[in-house]
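Subject: Structure handover

Hello,

Here is the structure for you to take over. Please open it first, then read the notes below.

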Amino acid sequence: MRAQRAALVAAGVVALLVLLALAAPLLTAIEGQDPTTYHPSLIDSARGGVPVGSFGGVSGDHWLGVEPQTGRDLFARLVYGARVSLGVALGATVVQVLVGVVVGVAAALGNRWIDQLLSRITDIFVAMPLMIMSLALLAIVPSSFPRPLLVALVIGLIAWGNTAKIVRAQTLTLKGLDYVSAARLSGWNTWRIARRELLPGLAAPVITYAALLVPMNISAEAALSFLGVGVKPPTPSWGQMLTAANVWYQAAPQYLLLPAGALLVTVLALTVLGDGVRTALDPRAASRLRVGTGRKREAKADADSKKAATDVDSRKAAKDVDSEKAATDADSKKGTADASAKKEAKA
């Protein structure tokens, strides 16, 4: 990972975002605000609820300004929204990985009928449109159920199909290797083989895919909250903030730009970090990134090594030519000396 500067920068950004989310109560206490308190004195009712002051009401008491119409502190809602968005994405990823690994390993190690049954079920879940199914499930669940937990469970229980396919294919590959066959011949049962021999080999591809699932789940949570079926007010989330800000992009642009920028930075950093993890765990796979991965250095090193090899070959060829020329000259001199000796002997 140290050889990939882009992945290291992305890891630093992700660590900073997680730290901000965990320290949200402390940061808002330092600011002296909270994410749910209304401040009607900070909005201009005559102008439809636009924040009073420049840059959306930015001041020493409100570091990023306030929301239109409500006057709630934007900084407090942004950092608390990070807790919800990141927590939902991580929870959904854990559910996807657990279900996908169990189904994939069971399909690969089971008999033909179990494999066919689980594979067809996986195909059904892969074909399900995530947004439509999530909208349907979230709309019928009672509002008393904790909404962030519900969103994480719905996303995780619908979108595990691709994980199961990857795990099944990798397990089938590992099952044919010699050390797994040796474990089977030694009398180990299927569960012990899966736990001791197969799961360690599945760690690299599963971790790689999980790192790429987190930004996808953040986008899914934001989309569901934007559509109004995700996290409900007054609990803040970035998608919910975007929903409320879609009519204020002209009067109060920071209300839209702040959560959108936070989503962009988070998804981009997690995507770059996931690609870096994939490249680190599988060095034979080339990185999809063009910046900060050492590709230029690797290409230059390859070019230098090829040039050095070419120079060595050229010097060797020149040396061989000189050796052949010297041998030819020696043969010529020897032939001349022999001819002279014959003439003297004849005379």
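**Salt bridges**

Lys165 and Asp123 join their side chains in a salt bridge, 2.7 Å from N to O. A salt bridge here is a side-chain nitrogen of Lys or Arg within 4 Å of a carboxyl oxygen of Asp or Glu. Lys165 sits in helix 7 and Asp123 in helix 4, so this pair ties together parts that are 42 residues apart in sequence. Helices (H or I, at least four residues) and strands (E, at least two) are DSSP runs, numbered from the N terminus.

Before going on, note what you are looking at. This is a predicted model, in which local features need pLDDT of at least 70 and side-chain atom pairs count only at pLDDT 80 or more, while totals for chains, interfaces and linings use all residues. Residues are numbered from 1 along each chain as its sequence is written, and side-chain values use heavy atoms, with hydrogens and water left out.

Lys165 is partly exposed, with a relative accessible area of 38%. Asp123 is partly exposed too, at 27%. On this scale, buried means under 20% relative accessible area, exposed means over 50%, and partly exposed is in between (1.4 Å probe, protein chains only).

Asp123 also meets Arg120 in a salt bridge, 2.9 Å from N to O. These two are three residues apart in helix 4, which means about one helical turn separates them. An α-helix has 3.6 residues a turn, so residues three or four places apart point the same way. Arg120 has 43% relative accessibility and counts as partly exposed.

Asp115 pairs with Arg168, and their closest N and O atoms are 2.8 Å apart. Asp115 lies in helix 4 (residues 112-127) and Arg168 in helix 7 (residues 161-175), so the pair ties together parts that are 53 residues apart in sequence. Asp115 counts as buried, at 13% relative accessibility. Arg168 is partly exposed, at 26%.

How many salt bridges does the structure hold? There are five.

**Overall layout**

The chain has 12 helices and two strands. Along the sequence, the pattern reads α-α-β-β-α-α-α-α-α-α-α-α-α-α. Of its 347 residues, 37% count as buried. Take contacts (heavy atoms within 4.5 Å) between residues at least 6 apart in sequence: 70% of them join residues at least 24 apart. The chain exposes about 19600 Å², and carbon and sulfur atoms supply 66% of that. Accessible areas come from the Shrake-Rupley method with a 1.4 Å probe; for residues, only the protein chains shown count as cover.

**Cores**

A nonpolar core is a set of buried Ala, Val, Leu, Ile, Met, Phe, Trp, Tyr and Cys residues joined through side-chain atoms within 4.5 Å. The largest one has 26 residues, and Ile218, Trp238, Tyr255 and Leu263 have the most contacts inside it. Which elements give two or more residues to this core? They are helix 1 (5-22), helix 3 (74-109), helix 9 (190-226), helix 10 (238-245) and helix 11 (253-281). Helix 11 gives the most, with eight residues.

Look at Ile218. Leaving aside neighbours within four places in sequence, Ile218 touches Ser85, Leu86, Ala89, Leu263, Thr266, Val267 and Leu270. Another core lies apart from the largest one. This other core has 14 residues, among them Leu150, Val151, Val154 and Ala220.

**Helix 10**

Helix 10 is mostly covered, with six of its eight residues buried. The buried ones are Trp238, Gly239, Gln240, Met241, Leu242 and Ala245. Their cover includes helix 3, helix 9 and helix 11.

Helix 6 has 12 residues. From first C-alpha to last, helix 6 reaches 16 Å, close to the 16 Å expected at 1.5 Å a residue. The expected span is 1.5 Å times one less than the number of residues. Buried residues of helix 6 are Arg147, Leu150, Val151, Ala152, Val154, Ile155, Gly156 and Ile158. They pack against helix 3, helix 4, helix 5 and helix 9.

Phe145, Leu149, Leu153 and Leu157 form a nonpolar surface patch, with about 320 Å² of accessible area together. Patches are made of residues with over 30% relative accessible area and no salt bridge: like charges are joined within 9 Å, nonpolar side chains (Val, Leu, Ile, Met, Phe, Trp, Tyr) within 5 Å. Phe145 is in the loop between helix 5 (130-140) and helix 6 (147-158). Phe145 counts as partly exposed, at 34% relative accessibility.

Best wishes
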